[in-house]
Amino acid sequence: MTDHDDTTGRDVSAYDATEFDATECDATECDATERDAADEVTVIGGGLAGMTAAWALSSLGLPVRLLEAAPDLGGKAGSRRIDGRTEDHGVHIFPAFYRNTLRLIDDLGLTGSLRPTHKFHQIRPGLLGGAPRKATATPVAEGLLFLYGVIDLLAQDYTTRDESLHDFLRTRRYLTEETVADIEHFFIASTAAESRAASAAEFRGSIAAFLRRPGRIRMPRGDLQHWLIDPFQRRLEATGVKVHTGYELTAVTTSGHRLHSLTLRTPAHTTTEHVTGHVVLAVPHGRVTDLGPELTGALRPAQGIRELNSRPLGALHLYLRRRLPHLPAEHIRLVGSPHAITLLDVGQNWAGHRTTVLNCVVGRVERLAHLPEAEAVAVLVEELRTYLPGLSPDDIEHVCYQPHLAAPYFTPGPGTERLRPHSTTALTNLHLAGDFCAAPPGMTGMEGAVRSGLSAAESVRRVLRPHLPPVRIDTIPTVRPGTARLVRAALAPLVAAARTQAGPRPRRRRA
């Protein structure tokens with residue numbers, strides 16, 4: 001199944017090739033150099049969205065240059081050298097519903113860079129040491145209520161409305177305080193968004209995607225820089241894409257319905273260049289906003305991007321001196337952890353490690369923002385010890401803590417679907433990419449970034465290569481609310497019985 005337009009149903013083709021040609025010189029009056037310049041596409045931003053856009057545009061036969069402000073490509077999907085070690089931005093997973101991402105990886109010939117996982121573990125404090133088979137235990141009644149709450153969410157029709165995840169959960173009278181906290185924790189551990197700031201429609205979308213596209217989650221065989229980003233860059237360059245790092249976009253100007261100039265800063269100099277071709281802007285939404293109202297006013301919807309939010313998702317990597325016993329090799333969620341920690345022992349999965357290496361995601365890292373780094377790490381290590389009784393401070397050989405306060409992730413809030421900009425803009429030669437762009441509910445993160453890169457390339461194709469087939473964009477079928485309502489009704493008697501065995505009802509809290 002393919003989708004070649006933006007997903008909210010708005011008209012995205014008002015500025016087609018005919019309108020663009022009207023603003024350019026007639027083809028018979030342009031020499032070959034001018035035609036080449038008009039066809040050149042500059043992609044600004046070398047994260048996964050920008051790299052995907054450059055790959056798709058190059059496949060259309062267009063000349064492409066890719067500019068990135070950092071020393072390396074990859075953005076949040078890349079890695080950094082810290083204290084002599086290559087450290088990922090966080091733990092990366094590739095669910096089966098990441099159709100566009102997995103197809104891109106296959107097109108790049110990098111499928112072997114990922115490995116399937118077999119299980120997802122959830123452990124509670126003190127249950128791991130010596131009793132791994134009991135570590136995933138969840139009270140039956142609470143587990144049923146958790147499942148019913150998810151089905152109830154799928155039964156909601158958010159086509160014309162939205163609400164916060166907090167408001168949804170606090171109005172479900174069958175849920176207990178523990179179940180509400182568990183659902184919230186499950187969401188926060190992967191998104192960093194507290195339930196008051198999280199869109200219920202977005203959470204519903206991600207759950208529906210998991211259900212409609214089931215399959216084993218895949219994880220990289222090592223740090224993503226070496227297993228995906230670097231080989232991706234080599235393939236881009238092999239197709240003729242000109243990659244330049246250390247180029248930061250600081251300002252733009254517009255003229256009429258076109259992007260007129262770019263001001264680019266490098267460590268050596270700052271230059272302003274006239275835009276003769278097309279530009280794909282693939283930087284975080286905060287950076288787009290920094291470019292001023294002249295640009296954000298040209299987005300669709302105009303100025304909506306200014307109301308989007310991001311939150312940090314922290315990373316804590318612990319290198320131990322020994323292999324921790326009873327630790328599963330797959331992804332682990334620490335149920336009820338105050339800072340919403342999930343983790344993976346990459347020491348059991350990546351070549352070259354003889355001891356445990358805990359790569360932890362810290363969903364509530366903002367709670368530690370006021371603490372010095374050493375104190376924040378001490379808090380998190382002590383929290384880990386309540387779940388991993390065999391862990392001792394003396395076991396820790398090296399620590400890498402990345403709170404990412406200055407590099408947050410896009411967080412879809414209640415009602416933000418109408419604010420997320422489309423790839424096509426009111427400027428005929430400007431196109432947008434990034435995980436914050438318009439997409440089906442629940443489509444953020446790496447899949448959102450890749451999808452947006454493809455959408456931006458399709459926006460360019462409609463103008464410069466209208467005779468070519470559309471850029472392929474796979475969609476994820478959702479769960480119909482009516483179907484979920486039937487399942488909800490069938491489970492209602494069991495839930496009523498479970499409710500009598502469970503804890504207190506959730507209390508509504510004042511905002």
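Visitor: Over residues 1-33, under what value does pLDDT stay?

Guide: This is a predicted model, and where pLDDT is low, the predicted coordinates should not be read in detail. Residues 1-33 call for that care, although the model has 62 contacts beyond four places in sequence for them. Over residues 130-138, for which the model has 13 such contacts, pLDDT also stays under 50.

Visitor: What is the mean pLDDT of the protein chain?

Guide: Residues 130-138 stay under 50, but the chain as a whole has 88% of its residues at 70 or more. The mean pLDDT of the protein chain is 88.

Visitor: Which residue meets arginine 488 in a salt bridge?

Guide: Side chains of opposite charge can pair when their charged atoms come close. Arginine 488 lies in helix α14 (residues 481-499), and its partner lies in helix α5 (residues 140-154), 336 residues apart, so that the pair links distant parts of the chain. With 2.8 Å from N to O, the side chain that meets arginine 488 is that of aspartate 152.

Visitor: Is aspartate 152 buried or partly exposed?

Guide: A residue counts as buried when its relative accessible area is under 20%. Arginine 488 has 24% relative accessibility and therefore counts as partly exposed. Because the relative accessibility of aspartate 152 is 3%, aspartate 152 counts as buried.

Visitor: Which residue forms a salt bridge with arginine 364?

Guide: The closest N and O atoms of this pair are 2.9 Å apart, and the pair links distant parts of the chain, with arginine 364 in the loop between β17 (357-362) and α12 (373-387) and its partner in the loop between α7 (177-191) and α8 (200-212).

Visitor: How many salt bridges does a search of the whole structure find?

Guide: One of the pairs is arginine 161 with glutamate 163, at 3.6 Å from N to O. Elsewhere, Arg103, Arg472 and Asp474 are linked in a network of salt bridges. For the whole structure, the number of salt bridges found is 19.

Visitor: How many nonpolar residues are in the lining of the largest cavity?

Guide: The search finds 4 cavities of 30 Å³ or more, and about 60 Å³ of space lies in the largest cavity. Among the residues that line the largest cavity are Asp88, His92, Arg115, Met219 and Trp350. Beside 3 polar and 2 charged residues, the number of nonpolar residues in this lining is 6.

Note on methods. Residues numbered from 1 in each chain as written. Predicted model: local features only at pLDDT ≥ 70, side-chain atom pairs only at ≥ 80, totals over all residues. Heavy atoms only, no water. 1 Å grid on protein atoms, 1.4 Å probe; cavity = no way out; pocket = protein on both sides within 12 Å on 5 of 7 lines; lining within 4 Å. Points joined across faces, edges and corners; volume = space filled by probe spheres on them. Nonpolar A, V, L, I, M, F, W, Y, C, P; charged D, E, K, R; others polar. pLDDT = per-residue confidence, 0-100. Contact = heavy atoms within 4.5 Å. Salt bridge = Lys/Arg side-chain N within 4 Å of Asp/Glu carboxyl O. Helix = DSSP H or I, 4+ residues; strand = E, 2+ residues; numbered from the N terminus. Buried < 20%, exposed > 50% of the residue type's maximum accessible area, 1.4 Å probe, protein only.
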